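Please read the following note alongside the sequence and the structure. The numbered points move from single residues to the overall architecture.

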Amino acid sequence: MNDFIMNYGAGLLVCAVGLFFIIMTYAAHFAGSSGVPLCGGLLIAFGFLLTPKKYLALLCFADPGWISLGYMIYSAMKKQEIEEKFQKIYAERGFAQGRAFEGVQLRVYIHERDEELLYRLYTCSLFELRIPKLYYALCCDEDGNFMVVADRGRKGEVPEILPFEDGMKITAKGDGKKDYTVELSMIVDDISDEEDEQEDGIQNKR
């Protein structure tokens with residue numbers, strides 16, 4: 001008994017804590033919230049490395065965080081690939097890069113999810129939607145016309161270049177090959193305007 005405690009006691013204690021974190025991560029995943037990815041797996045690996053049964057450290061891959069890590073790496077590589085394609089288009093079409101439009105926001109509305117996203121309007125900045133899968137950037141050509149560069153992330157796809165129209169809609173695929181409608185529009189940041197007016201009024205009073 002003493003030998004078992006000496007050989008496995010500390011390791012199994014660490015593994016128990018790791019198992020707790022793995023269970024919490026799975027529970028968080030099904031609840032739609034964030035867990036503690038990889039923490040449980042790393043603790044299990046470390047715990048079994050403290051015991052004579054070191055090969056059991058491979059049980060660390062039961063942690064779903066490894067899948068999330070792999071997906072994050074893949075997504076980063078994919079986004080870099082799309083970024084390079086977009087940069088080539090920016091150069092070929094003479095799009096002005098890195099221009100910010102103060103007080104104006106880009107509104108992205110996904111109809112099927114009833115989801116609205118707001119971004120500061122900044123030209124030639126790559127945005128990504130996960131559901132549906134869509135990469136897009138709003139650009140401005142030499143004549144001051146706004147254009148949208150869009151890519152759905154499919155292998156070998158050539159990005160679309162579309163004239164921007166307020167309320168324009170782009171169709172993209174989501175989970176289960178379901179079609180989603182993404183609507184793009186520009187809105188004036190009324191809050192910023194009100195703050196500017198308030199600041200001007202304060203300065204005038206001074």
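1. Glu-128 counts as buried because its relative accessibility is 19%; buried means under 20% relative accessible area, exposed over 50%, and partly exposed in between (1.4 Å probe, protein chains only). Glu-128 belongs to strand E3 (residues 127–129). Helices (H or I, at least four residues) and strands (E, at least two) are DSSP runs, numbered from the N terminus.

2. This is a predicted model, in which local features need pLDDT of at least 70 and side-chain atom pairs count only at pLDDT 80 or more, while totals for chains, interfaces and linings use all residues. Residues are numbered from 1 along each chain as its sequence is written, and side-chain values use heavy atoms, with hydrogens and water left out.

3. The side chain of Glu-128 makes a polar contact of 3.0 Å with that of Lys-133. A polar contact is a pair of N or O atoms within 3.5 Å; within protein, one must be able to donate a hydrogen and the other to accept it, and residues adjacent in sequence count only if both atoms are side-chain atoms. Leaving aside residues up to four places away in sequence, Glu-128 touches Lys-79, Lys-133, Leu-134 and Tyr-135, where contact means heavy atoms within 4.5 Å.

4. How many salt bridges does the count come to? The count is 11, a salt bridge being a side-chain nitrogen of Lys or Arg within 4 Å of a carboxyl oxygen of Asp or Glu. One of them joins Lys-78 and Glu-81 (3.9 Å, N to O). These two residues are separated by about one helical turn, because they stand three residues apart in helix H3 (residues 65–93). Lys-78 is buried at 10% relative accessibility, whereas Glu-81 is partly exposed at 38%.

5. Asp-151 and Lys-85 form a salt bridge of 2.9 Å, N to O. Asp-151 lies in strand E5 (residues 146–151) and Lys-85 in helix H3, so the pair ties together parts that are 66 residues apart in sequence. Asp-151 is buried, with 0% relative accessibility, while Lys-85 is partly exposed at 22%.

6. A further salt bridge connects Glu-183 with Arg-107 (3.9 Å, N to O). This pair links distant parts of the chain, with Glu-183 in strand E8 (residues 179–188) and Arg-107 in strand E1, 76 residues apart. Salt bridges that share partners bring Arg-107, Glu-116, Lys-169 and Glu-183 into one network. Glu-183 is buried at 14% relative accessibility, and Arg-107 is buried at 18%.

7. Strand E1 (residues 100–110) runs antiparallel to strand E2 (residues 115–122), and seven bridges join them; two strands pair if DSSP finds at least two bridges between them. Leu-106 stands opposite Tyr-119 in E2. Four residues lie between the strands of this hairpin, and Asp-114 in the turn has a positive phi of about 50°.

8. Thr-171 is part of strand E7 (residues 168–173) and is partly exposed at 42% relative accessibility. Beyond residues up to four places away in sequence, Thr-171 touches Arg-152, Asp-179 and Tyr-180.

9. The protein as a whole contains four helices and eight strands, in the order α-α-α-β-β-β-β-β-β-β-β-α along the sequence. Of its 206 residues, 36% count as buried. Among contacts between residues at least 6 apart in sequence, 48% join residues at least 24 apart.
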